[in-house]
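Let's go through a few backbone and surface details together, one question at a time. Have the model open as you read.

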Amino acid sequence: MIQPNKYLANIASPPPRAHSIKFLSGARSKPGVFKLDSNEAVIPPSPQVLKAIAAFLKEKNNLNWYPDPKADELRTEIARYVHTKPEQILPTNGSEQALEFLTDAYVSEGDEVVVPTPTFSPFNAWPQSRGATIVEVPYDIHSGPTASTIQKKITNKTKMIYLINPYITAYPEIDIEYIVRKNKHALVVVDEAYHEYYGKTSIGLLRRHDNIVITRTFSKTFMLAGLRLGFLVAQKKIIENVAKIIGLYNINVLTHVAGIAALRDAAYTRSYAREVRASTKLIALELPKYGFEVFSTFAGIALFKHARINPRIVQKKLEAHGVFVRYPFFKELPAYLRMNVGNLAFTKELLIKFRNTF
Ligand SMILES: Cc1ncc(COP(=O)(O)O)c(C=O)c1O
């Protein structure tokens with residue numbers, strides 16, 4: 001049998017993510033299902049997005065033509081949102097694809113890629129599949145990784161440093177600039193998938209440094225996980241390099257339409273993010289009443305563990321009430337379950353489920 005590239009043999013297949021929620025055929029609308037296992041928004045996108053898609057579908061030549069290969073309108077709208085120039089933006093099919101393309105464009109065999117862990121673990125497969133080595137920097141979730149612990153793992157083989165800000169913890173901005181400044185030989189990738197919940201960004205560093213790239217997504221606070229839209233923000237030269245390997249039409253046309261409409265109604269996103277922050281506080285206040293310890297993040301995610309009940313049993317009990325949370329997820333945090341946090345009305349209903357279950 002034909003063998004895949006020689007590095008793939010050393011990469012474990014991703015664990016199955018299937019659960020009992022059926023994805024299509026009307027099951028999405030089933031009442032009483034709380035899907036909190038994949039960090040998605042718990043409500044649909046802005047009505048303006050749905051309107052824009054419906055209007056587009058009424059146009060002639062809607063799906064039979066390819067999308068704009070330069071994505072000019074979308075890039076312009078994203079650039080306005082992040083206060084950069086359109087040539088500093090590259091839209092991708094989800095931010096996963098941005099991370100994958102960056103690896104393709106910048107990482108080669110023998111390179112080292114430094115990754116503070118816990119991390120977004122699907123990332124690790126991309127550098128490994130190109131023959132690079134992942135160098136982990138384990139951190140305690142209560143104190144987080146620091147610039148100096150990361151710096152200790154940097155060598156002259158380090159080609160990329162993958163930071164997520166915010167995630168389980170958040171980096172002070174100064175730490176990121178320190179890492180960028182100290183390591184001119186490496187590309188610092190700052191994954192800001194959860195930016196809107198947190199508010200701070202490293203995009204300003206692009207004015208002073210040419211070895212930093214920021215990735216963002218529409219999957220969380222823009223509520224478009226199903227349409228797959230993310231983007232890279234970097235200095236123009238990096239965008240030009242990555243653009244050499246990206247397919248002509250990597251973003252589908254409905255995604256273009258939805259992304260533009262979502263950005264034009266960014267107030268909807270800001271209001272959702274505000275509610276998620278308030279819900280995060282409410283969860284931290286309420287779950288301890290039912291025997292849980294809660295670790296709140298800046299990323300619209302709550303980690304929680306029960307004082308006495310095994311996490312697998314907690315998960316099963318919640319599933320019996322229609323609540324789907326993630327377990328296991330971080331090998332470094334075997335005691336914790338994870339769930340994404342929703343808006344306030346949703347959270348109040350969720351807390352009733354917890355009260356009835358525990
Ligand atoms: C930290 C982080 N980065 C990237 C992604 C991928 O997001 P997207 O849907 O844009 O591919 C996720 C998804 O959950 C994530 O948690």
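A residue counts as buried under 20% relative accessible area, as exposed over 50%, and as partly exposed in between. Please keep in mind that this is a predicted model.

Q: Is Asn61 buried, partly exposed or exposed?
A: Look for Asn61 in the loop between H1 and helix H2 (72-82). Its relative accessibility is 30%. Buried needs a value under 20% and exposed one over 50%, so Asn61 counts as partly exposed.

Q: What is the phi of Asn61, a residue that is not a glycine?
A: Most residues other than glycine have a negative phi. Asn61 has a positive phi although it is not a glycine, with a value of about 50 degrees.

Q: Is Asn39 buried or exposed?
A: Asn39 sits in the loop between strand E1 (34-35) and helix H1 (47-58), and has a positive phi of about 55 degrees. Its relative accessibility is 6%. The cut-off for buried is under 20%, so Asn39 counts as buried.

Q: What is omega for the cis peptide bond from Tyr327 to Pro328?
A: Find Pro328 in the loop between strand E11 (323-324) and strand E12 (337-340). The bond from Tyr327 to Pro328 is cis, with omega near -10 degrees.

Q: Is Lys281 buried or exposed?
A: Lys281 is part of helix H10 (residues 266-286). Together with Arg270, Arg274 and Arg277, Lys281 forms a positive surface patch. Its relative accessible area is 66%; exposed means over 50%, so Lys281 is exposed.

Notes. Residues are numbered from 1 along each chain as its sequence is written. This is a predicted model: local features need pLDDT of at least 70, side-chain atom pairs count only at pLDDT 80 or more; totals for chains, interfaces and linings use all residues. Side-chain values use heavy atoms; hydrogens and water are left out. Patches are made of residues with over 30% relative accessible area and no salt bridge: like charges are joined within 9 Å, nonpolar side chains (Val, Leu, Ile, Met, Phe, Trp, Tyr) within 5 Å. Accessible areas come from the Shrake-Rupley method with a 1.4 Å probe; for residues, only the protein chains shown count as cover. A salt bridge is a side-chain nitrogen of Lys or Arg within 4 Å of a carboxyl oxygen of Asp or Glu. Lys and Arg count as positive and Asp and Glu as negative; His and the chain ends are not counted. The place of a charge is taken as NZ of Lys, CZ of Arg, CG of Asp or CD of Glu. Helices (H or I, at least four residues) and strands (E, at least two) are DSSP runs, numbered from the N terminus. Buried means under 20% relative accessible area, exposed over 50%, partly exposed in between (1.4 Å probe, protein chains only).
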